[in-house]
Amino acid sequence: MQLVKWDNTLTLGVEPFDDHHKHLVCLLNETYDLFIASEKPSSLEEVIDELIDYATYHFSSEELWMVKLNYPKQEEHKKQHEEFSSRVVNFQRDLIQKGSTSTLEVLSFLQRWLVEHIKHSDGEYSRFIHKG
């Protein structure tokens with residue numbers, strides 16, 4: 001079952017970021033599948049670790065790209081990345097310390113944030129680059 005279904009509304013036409021986003025969607029869907037299957041917290045921890053690592057890599061790549069292209073909204077965009085990372089790290093900490101957390105609430109946050117961020121904030125940099 002998919003929490004996020006990849007479709008053309010999420011495609012930016014900016015490589016390699018479309019591939020990065022597809023991978024993040026895949027990791028989010030994998031986390032959701034583990035939750036639905038009532039997997040033990042350690043299984044969720046592994047996927048969350050991978051999600052954090054990959055999101056960090058992706059955010060760093062985007063931010064370097066924005067600096068190179070002198071993207072005017074790069075600071076605002078970076079702040080959004082930092083807020084997302086903070087929320088996910090807090091989720092991970094709760095999962096490790098308490099063995100559980102409000103997983104459905106967190107997954108809902110991740111789904112909403114990722115889709116909205118790609119469509120709106122990343123969509124802005126896509127339009128910026130395609131204008132030339």
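So, let's start with helix 4, which runs to 29 residues and spans 40 Å from first C-alpha to last, close to the 42 Å expected at 1.5 Å a residue. Expected here means 1.5 Å times one less than the number of residues, and helices are DSSP runs of H or I with at least four residues, numbered from the N terminus. Before I go on, the housekeeping: this is a predicted model, with local features needing pLDDT of at least 70 and side-chain atom pairs counting only at pLDDT 80 or more, while totals for chains, interfaces and linings use all residues. Numbering starts from 1 along each chain as its sequence is written, and side-chain values use heavy atoms, with hydrogens and water left out.

Back to helix 4. There's a kink of about 40° in there, centred on G123; that bend is the angle between axes fitted to the seven residues ending at a residue and the seven starting there. Just after the helix, G132 has a positive phi of about 90°.

What does helix 4 pair with, and at what angle do the axes cross? The partner is helix 1, residues 17-36, and its axis comes within 10 Å of the axis of helix 4, residues 103-131, with a crossing of roughly 170°. That makes the two roughly antiparallel, a label for angles over 145 degrees. The axes are lines fitted to C-alpha atoms over the stretch in contact, and the angle, from 0 to 180 degrees, is taken between N-to-C directions. On the helix 1 side, the contact (heavy atoms within 4.5 Å) includes F17, L24 and Y32, and on the helix 4 side it includes L104, L114 and Y125. By class, that's 12 nonpolar, four polar and one charged residues. Nonpolar is Ala, Val, Leu, Ile, Met, Phe, Trp, Tyr, Cys and Pro, charged is Asp, Glu, Lys and Arg, and the others, Gly among them, are polar.

Helix 1 itself has 20 residues and reaches 28 Å, close to the 28 Å expected. Its buried residues include H20, L27 and N29; buried is under 20% relative accessible area, exposed over 50%, and partly exposed in between, with a 1.4 Å probe and protein chains only. N29 counts as buried because its relative accessibility is 8%. Leaving aside neighbours within four places in sequence, N29 touches M1, Q2, L3 and V4.

Most residues other than glycine have a negative phi, and most peptide bonds are trans. In the segment before helix 1 we find P16, and the E15 to P16 peptide bond is cis, with omega near 5°. After helix 1 comes S38, with a positive phi near 55°. N70, in the loop between helix 2 and helix 3, also has a positive phi, near 55°, and at 58% N70 is exposed.

L69 sits in that loop too, between helix 2 (41-68) and helix 3 (74-98). L69 is partly exposed at 36% and, beyond four places in sequence, touches F128 and I129.

Q92 contacts I48, D49 and I52, sequence neighbours within four places aside.

Conventions:
Parallel < 35°, antiparallel > 145°, perpendicular 65-115°, else oblique.
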